[in-house]
Amino acid sequence: HDIFISYRSNYDKITAKMLFWKMKELNYKNKKIKTFLDEYCLNAGNELTKLLENVINILKNCSVIILLISEESIKGIENAHTYTKEDNLLLEFEISVYRYLKGEC
């Protein structure tokens, strides 16, 4: 995938879907841009661990990462830490910032 869209599914799903479908219309140097949005690009039959591994691999190899950050998505991260559970969105943010700082995307 060329582009990875990261979003909080409870709150930012509509925006993420609209962005995904707009990106599907784009071409770069006569090549279709391949955009990743979990709802359309993951095999729902896989176990959760395998799904997370797939997302991380795609995130680590794409050229562009779009982080949809809303007030609600940040609250979700805060709530996850309050209840000491992992938050996939925070993991996506961390990987994205790490790759950006290394000049990879």
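Which residues of α5 are buried? The buried residues of α5 are L89, L90, E92, F93, I95, S96 and R99, where buried means under 20% relative accessible area, exposed over 50% and partly exposed in between, with a 1.4 Å probe and protein chains only. This is a predicted model, in which local features need pLDDT of at least 70 and side-chain atom pairs count only at pLDDT 80 or more, while totals for chains, interfaces and linings use all residues. Residues are numbered from 1 along each chain as its sequence is written, and side-chain values use heavy atoms, with hydrogens and water left out.

**Sheet**

- The open sheet has 3 strands in the order β4-β1-β5, with parallel pairing; its edge strands, β4 (35-36) and β5 (64-67), each pair on one side only.
- Helices (H or I, at least four residues) and strands (E, at least two) are DSSP runs, numbered from the N terminus, and two strands pair if DSSP finds at least two bridges between them.
- Strands β1 and β4 run parallel and are joined by 2 bridges, and F4 stands opposite F36 in β4.
- Helix α1 (residues 9-24) packs on this sheet and touches β1, β4 and β5; the direction of α1 makes about 170 degrees with that of β1.
- Such angles run from 0 to 180 degrees between N-to-C directions, the axes being lines fitted to C-alpha atoms, for helices over the stretch in contact.

**Nonpolar cores**

- A nonpolar core is a set of buried Ala, Val, Leu, Ile, Met, Phe, Trp, Tyr and Cys residues joined through side-chain atoms within 4.5 Å.
- The largest one has 10 residues, namely I3, I5, Y7, A16, F20, M23, I33, L37, I66 and L68.
- Both β1 and α1 supply at least two residues of this core, and the largest share, 3 residues, comes from α1.
- Not counting residues up to four places away in sequence, I5 touches A16, L19, F20, T35, F36, L37, I66 and L68, contact meaning heavy atoms within 4.5 Å.
- A second, separate core has 8 residues, including F36, V55, L59 and C62.

- S6 lies in strand β1 (residues 3-6) and is buried, with a relative accessible area of 0%.
- Neighbours within four places in sequence aside, S6 is in contact with I66, L67, L68, L89, E92 and F93.
- Helix α5 (residues 88-101) has 14 residues, which at 1.5 Å a residue should span 20 Å, in agreement with the 20 Å between its end C-alpha atoms; the expected span is 1.5 Å times one less than the number of residues.
- G103 follows α5 and has a positive phi, near 75 degrees.
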